[in-house]
Amino acid sequence: MGASQSAFSEQELDDYQTLTYLTKKEILHVHKRFATLDSGAVGSDKNAKLPFTKVKELPELKVNPFKDQIMKVFSSSGDGMTFEDFLDMMSVFSDDAPKAVKVEYAFRIYDFDGDDMLSSADLKELISRLTGEDNALNEEQMQQLIDNILEEADLDDDDSLSFAEFEHVISKAPDFVSSFRIRL
Amino acid sequence: MMSALIWTMSRRHRVGPDTEATEKAAQQFHSITTEVERHKVLHTIRQLPSPMATKMQLKKKLMEGPVTESYGVKQMKFENKKRMQSLKNAWHNFKYTMELWGSSMRTIEGHHGTGVVSYFVFLRYLLLVNFCMFLLSMFIWVPVVIHDESAYTSGSTAATCTPLYDVNVSSNAFELIIDFFQGSGWMEKTMMFYGYYSGNGLDNTSYKLSLAYILVCIFCLVVSLILMETFLVSDFRETILNAGNGSTGFCNKVFGTWDYALTDDASASIKHKSVRFELLSYVNEQIFVKEREQRLRDGYLRCKLYTIRIIINIFIVLVLVASGYLIYYVTDYSTGYVRRNAGVSGTTEVLLKLLVQFLPAITISALNGVLPVIFKKVVAGEEYTNAFVVKITLVRTVFLRLASLIVLMGTLYSAVTCSTRSVCRSTSSPCSVITCWETYVGQQLYKLIIADLLAVIIKTLLVELPRRLCYEKCSCGIFKKIRPPEFDIPACVLDLVYSQCLYWLALTFAPLAPTFAVLKVVVTFYMKKLSVLKACPPAEQPLRASRTTSFFMVILLIAFFICSFTVGYVFYDMEPSHGCGPFRTYGHMYYAITQTVEGWPSGAQSFYNLIVSPAVTGPLIIFLILLIYYCSVLASAHKSVAYMYREQLVKEGRDKQYLMVKVMELGGDSTPAPNPRRAQPAGLKNINETAPAPRKVASTNQTNNQQMSTGLSSPHAGYAC
């Protein structure tokens, strides 16, 4: 804790605290965890960019079926995560982040083809990742599930969910906030 | 307004640190110079879905330039808010470093997910409640420890009755141990029970023990209520928000099901399986509900189903009544046995007497274990949906638990208010001889508390761990049938609620009960942690944390009201013994308060009398009822407003599609019609913006007239109207 503390000035910690939903102690703890991924690189540059393969080793991300999407969404440069990206990620996943921010990022994570709509293909990819490769649903079950989802959420009948529709349906989902959370 | 501008600017754009859009926003910052406005904009910047570098840049641009002083109410409010915010931050930092059992909770969360952790959060919260009660109870026994007892001289009945309260203390070592478990003999006259506290030693000081006693009991209940409210309100708000129009079961199951907190490989694979199971069973359930509706169109089948349901409900009520009678009978038998064998000695007889004394506790535990299984079997015939099955089984189990407690209290009440009573308010034959009824009730509750504590330890160490070991090591014959133990959250939570009830009741009769409560909660935490990490595998059908936490709190509240009613009745209507306790000189316990009030100046006295008279309390109750009615009307109005907004959303989507088609028509037939699926609702996006920038392009130099995303089948110019 002492080493990471000396890595940041008061002003920097202040800035981070104002711009994220974490407290100073939590920010230092996040940096400590980030440093364990590659202590050499982070030791020399506290904002070092670590490649995705290294970040994947984080226990909280390792078993997550969406880890590649998560890293892609939060990475500002596209080929790795800096500490600030990591901090962004932890801030959004923290308890204090408002629902609107979480919904925004959840939409980006679940939008696999990156076209700003959750089409049937996106939903299919989402469900198959949720069940895992060994427990995949068959075609008919998958289609039925997708139909049910679109029936509930697709208000303008265009066979895909826009952000507004996603937000509208997630605001009614009681489990979303409690499950979209990582505590370090 | 500025916030809205920034928000719309970056809504669907992943703006980088040097985009034009960022520059544009930054230019607007020149107009913001007061601290209050800056703070508001900073808040919005924090919410931006943009990388940290952008936010830092925006913040820097915001903060450069001079700050104009502002005065007046707005500035004052802002200063207050800043102070509150820094206090809140300090408090959060403190909580983070000092979080009790934080690492254990994270381990459990990594293995089992948020549903199970909610139980442990509830447990930790109960520890807080019991600890507060422990601190308050120190007001009773600490002064008594400092000043010793002395003989009663005031109040003639008290003086004559006190020597009559005499307890035989045996010298046999074995019997001393037994006495500890029974709360009799040497244990009866200790600080544990009501009978010890006469308050006589404090006569020389101005500290009135009787007043302190009654106030501590009342404050403990009030503090528990306040803590429960703070815990309940945050959860309740979410539940209300989520009980909106339209069903969202599928979306909830798909988008909200993966627990991001999981860290364990084995748990993750189990989670995958359980997700698949849940999704399929939910699909099947929808089919089941539709089929059931079809079937119930037929009048005959509907009649049949309703008759079955009524019969089953009657059966359940009969079962509950029968178990209540069983508890009453066992308690009666137990007290009768003790009365008949009051003077026995000899190891086996004494042990037998101990066992019979614990018989009510054992009966209650046995009923609590067996009846829920019966409920589960029986509810299959009623053809409810899965979610409702869980709810109704829970409600029935709750009735069982509360009923057993109420029956126990009723039995004790009848034993204590037996008709043949002496001048010293002690009962004599033909009723059981009880010289100090408060201590007697305290002893019964003490036995229940001990039984509760032992049950938790025994269940984990001697039932769950061996079962798990059996399942893992033995793979032969009958042992294969034994499945590993399940961590049944509703049952565990009801256990906690039941024991908390015991502690609320016991506080009045056994002032050291909160110490036991704290000890018990700590022991329960470690036992359950052992059970969850070593004995029980992650559940195939995990319980939804969100919905059940507030339900458990509601149960706790109901139990709380029953307990406080009992305590209030004891203080208000029951006559205290003249031979023991701090209230021996009073006719009723609450006279301790009225006597104190009589010592106040006459103005304060008449004010107090006015407040507690029906002239004030009557209109107050009517006013509260009106308030409740007003709130419910408000709630239904909000519901219809939310429905209206939903309709508006649908209409706007359709409007946008229509406009898109029109624009294409006007643009001529050379360009193929765009995919109407890419339409966005108009009201939520600035219409002058383009479609979102394609994600593949890493460079962030997008201008506002960019081509539409490559997701479309054909390239097309931006649809600027």
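Select R108(A) and Y105(A) to begin: the charged end of R108(A) sits over the ring of Y105(A), at 5.4 Å from the ring centre, where "over a ring" requires NZ of Lys or CZ of Arg within 6 Å of the ring centre and within 35 degrees of the ring normal. What you have open is a predicted model, in which local features need pLDDT of at least 70, side-chain atom pairs count only at pLDDT 80 or more, and totals for chains, interfaces and linings use all residues. Residues are numbered from 1 along each chain as its sequence is written, chains are lettered from A and ligands numbered from 1 in the order in which they are written, and side-chain values use heavy atoms, with hydrogens and water left out.

**Chain A**

Stay in chain A and select residues 83–92, which form helix α8; ten of its ten residues are buried, and buried here means under 20% relative accessible area, as against exposed at over 50% and partly exposed in between (1.4 Å probe, protein chains only). Helices, for this tour, are DSSP runs of H or I with at least four residues, strands are runs of E with at least two, and both are numbered from the N terminus. Among the buried residues of α8(A) are F83(A), F86(A), M89(A) and V92(A). What covers α8(A)? The cover of its buried residues includes α2 (10–19), α3 (24–37), α6 (59–62), α7 (67–74) and α9 (99–110) of chain A, together with α4 (52–63) of chain B.

Next, select residues 98–133 and 141–176 of chain A, which an unreviewed UniProt entry lists as "domain: EF-hand"; UniProt positions are given in the numbering used here, feature names are shortened, and annotations may be inferred rather than shown by experiment. The span 98–133 of chain A is 67% helix and 0% strand, with its end C-alpha atoms 33 Å apart, while the span 141–176 of chain A is 61% helix and 0% strand, with its end C-alpha atoms 23 Å apart.

**Where the chains meet**

Pick H168(A), which is found in helix α12 (residues 163–170) of chain A. Is H168(A) buried or exposed? At 18% relative accessibility, H168(A) counts as buried. Not counting residues up to four places away in sequence, H168(A) touches L155(A), R646(B) and L649(B), contact being defined as heavy atoms within 4.5 Å.

Now show both chains together: 75 residues of chain B are in contact with 88 residues of chain A. Chain B and chain A bury about 7,500 Å² between them, of which 56% is on carbon and sulfur atoms; this buried area is the accessible area (1.4 Å probe) that two parts lose on being put together, summed over both. In chain B, the residues that lose the most area to chain A are M52(B), F255(B) and Y260(B), together 13% of what that side buries.

Three salt bridges are counted between chain B and chain A, each being a side-chain nitrogen of Lys or Arg within 4 Å of a carboxyl oxygen of Asp or Glu. Select D15(A) and K59(B) to see their side chains meet in a salt bridge, at 2.3 Å from N to O.

**Chain B**

The unreviewed UniProt entry annotates several spans of chain B as "transmembrane region", including 310–330 and 350–374. Residues 310–330 of chain B are 100% helix and 0% strand, with end C-alpha atoms 30 Å apart, and residues 350–374 of chain B are 96% helix and 0% strand, with end C-alpha atoms 36 Å apart.

Then select V441(B) in helix α17 (residues 437–473) of chain B. With 7% relative accessibility, V441(B) counts as buried, and, leaving aside neighbours within four places in sequence, V441(B) is in contact with L412(B), V416(B) and F509(B).

**Aromatic pairs**

A search of the whole structure finds 41 aromatic pairs over all chains; rings of Phe, Tyr and Trp (its six-membered ring) pair if their centres lie within 6.5 Å, and planes under 30 degrees apart count as stacked, over 60 as edge-to-face and the rest as tilted. Select W101(B) and Y526(B), whose ring centres are 6.1 Å apart with planes at 85°, so the pair is edge-to-face. This pair links distant parts of the chain, 425 residues apart, with W101(B) in the loop between α5 (73–98) and α6 (102–112) of chain B and Y526(B) in helix α19 (residues 513–535) of chain B. W101(B) is buried at a relative accessible area of 10%, whereas Y526(B) is partly exposed at 44%.

Finish with Y194(B) and F583(B), whose ring centres are 6.4 Å apart with planes at 20°, so this pair is stacked.
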